[in-house]
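Have the sequence and the 3D view ready, and let's walk through a few places where the pieces of this chain meet. We'll go from strands to helices to the ligand.

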Amino acid sequence: MRDRPHWSYSAITQYLRCPLQYFFQRVLGIPSHSIGTGLALGSAVHAGLAEYHQRLQRKEALDTELVLKAFHECWDEKELNETIQYRDGDTREDSIEQGVHLLELYLKEPPPEGIVAVEQRILVPLYNSLGEYLETPLVAITDLITETNEDLTVREFKTSGRAYSESDVASSLQPTCYVHAVRETLGRDANVEYTVLVKTKTPKIQRLKTSRFAEDCGRLGDLVQTIQRAVDLGIFYPVESPMNCSTCPYRQPCREWGQKPRAQDEFVPLTIPLEMACSLNSTARAAVCVSQPDKASSVAP
Ligand code: SF4
């Protein structure tokens with residue numbers, strides 16, 4: 001069954017990061033056959049964590065082998081379906097070893113208590129700051145939701161080459177998506193806690209808490225509404241940066257973007273009613289004629 005159109009944190013941030021990459025992936029639907037090593041490792045670690053948390057929720061004993069099996073199976077599936085792009089001297093063996101170390105480190109931590117949901121997919125409407133509902137809903141997939149002392153916490157897990165700063169979590173839209181999703185489904189506020197599995201030489205675990213409020217949810221709706229307008233208008237352009245482009249699977253179509261020669265027949269003469277043309281003075285008539293070729297060439301690729 002086809003998923004109904006929806007927004008997600010990754011779609012929102014992809015448009016903000018590079019609208020052209022969004023266009024290739026989500027408008028044209030060009031399949032991506034490669035994945036960065038960070039993303040592949042993050043997915044495999046998440047698979048291991050989900051196995052662990054689901055066993056905890058079912059009150060089953062810890063089985064490290066099964067957790068690592070889930071990690072390896074996810075990694076193998078990524079390798080089978082996509083080319084993993086290693087960078088900065090990363091190797092396959094180092095990446096797998098890092099993932100295993102991070103999981104083993106996390107398993108030594110006190111286990112989370114009061115598990116309410118693991119890998120929960122939540123579909124909710126979005127509204128803007130005026131309280132007007134948007135046509136397209138939001139899908140949020142939470143890694144883990146816990147409840148202790150009547151406090152709901154959405155727990156987000158990250159693998160990262162560096163520790164996060166307070167401002168990383170304070171400015172991210174992801175906690176806003178989670179808090180909005182929980183408010184809309186349960187009618188309750190939730191806090192968000194990041195657990196960052198840091199892939200430094202000596203792996204470590206960092207925890208950071210953050211909060212979001214009703215006005216943040218309205219602001220999220222304002223932002224999505226604006227992006228939706230831009231998408232509807234066909235506003236897609238490249239944002240080139242080492243961070244964006246080094247593992248982008250669309251580098252070839254990106255290079256070809258905007259290189260179409262401007263054919264003579266792309267020129268579309270502006271037709272205006274005769275009575276209006278007669279009422280324009282000579283300066284205005286000249287402006288209409290001069291501006292038309294630019295308008296024709298600004299059509300999205
Ligand atoms: S190569 Fe860079 S600029 Fe081009 S689509 Fe990809 S991320 Fe965007």
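Strand 5 and strand 6 (residues 151-160) run antiparallel and share five bridges; two strands pair if DSSP finds at least two bridges between them. Helices (H or I, at least four residues) and strands (E, at least two) are DSSP runs, numbered from the N terminus. This is a predicted model, where local features need pLDDT of at least 70 and side-chain atom pairs count only at pLDDT 80 or more, while totals for chains, interfaces and linings use all residues. Residues are numbered from 1 along each chain as its sequence is written.

Now look at the turn: strand 5 and strand 6 make a hairpin with two residues between them. N149 sits in that turn, with a positive phi of about 50°.

| Partner of strand 5 | Direction | Bridges |
|---|---|---|
| Strand 4 (residues 115-124) | antiparallel | eight |
| Strand 6 (residues 151-160) | antiparallel | five |

On to the helices. Helix 3 (residues 37-57) and helix 4 (residues 64-81) pack at about 145°, with axes 7 Å apart. Axes are lines fitted to C-alpha atoms, for helices over the stretch in contact, and angles run from 0 to 180 degrees between N-to-C directions. Residues such as A40, A44 and G48 in helix 3 meet residues including L66, F71 and W75 in helix 4; contact here means C-beta atoms, placed from the backbone, within 7 Å.

Helix 7 (residues 173-186) and helix 8 (residues 214-232) pack at about 110°, their axes 9 Å apart. That makes them roughly perpendicular, a word kept for 65 to 115 degrees. Helix 7 brings residues including L173 and R183 to the contact, and helix 8 brings D216, C217 and L220.

Finally, which residues surround the ligand? Among them are C18, Q21, E240, C245 and C254, where being near means a C-beta atom, placed from the backbone, within 6 Å. Helix 2 (19-27), helix 9 (242-245) and helix 10 (251-256) each give two or more residues to this shell.

How values were computed
Parallel < 35°, antiparallel > 145°, perpendicular 65-115°, else oblique. Contact = placed C-beta atoms within 7 Å.
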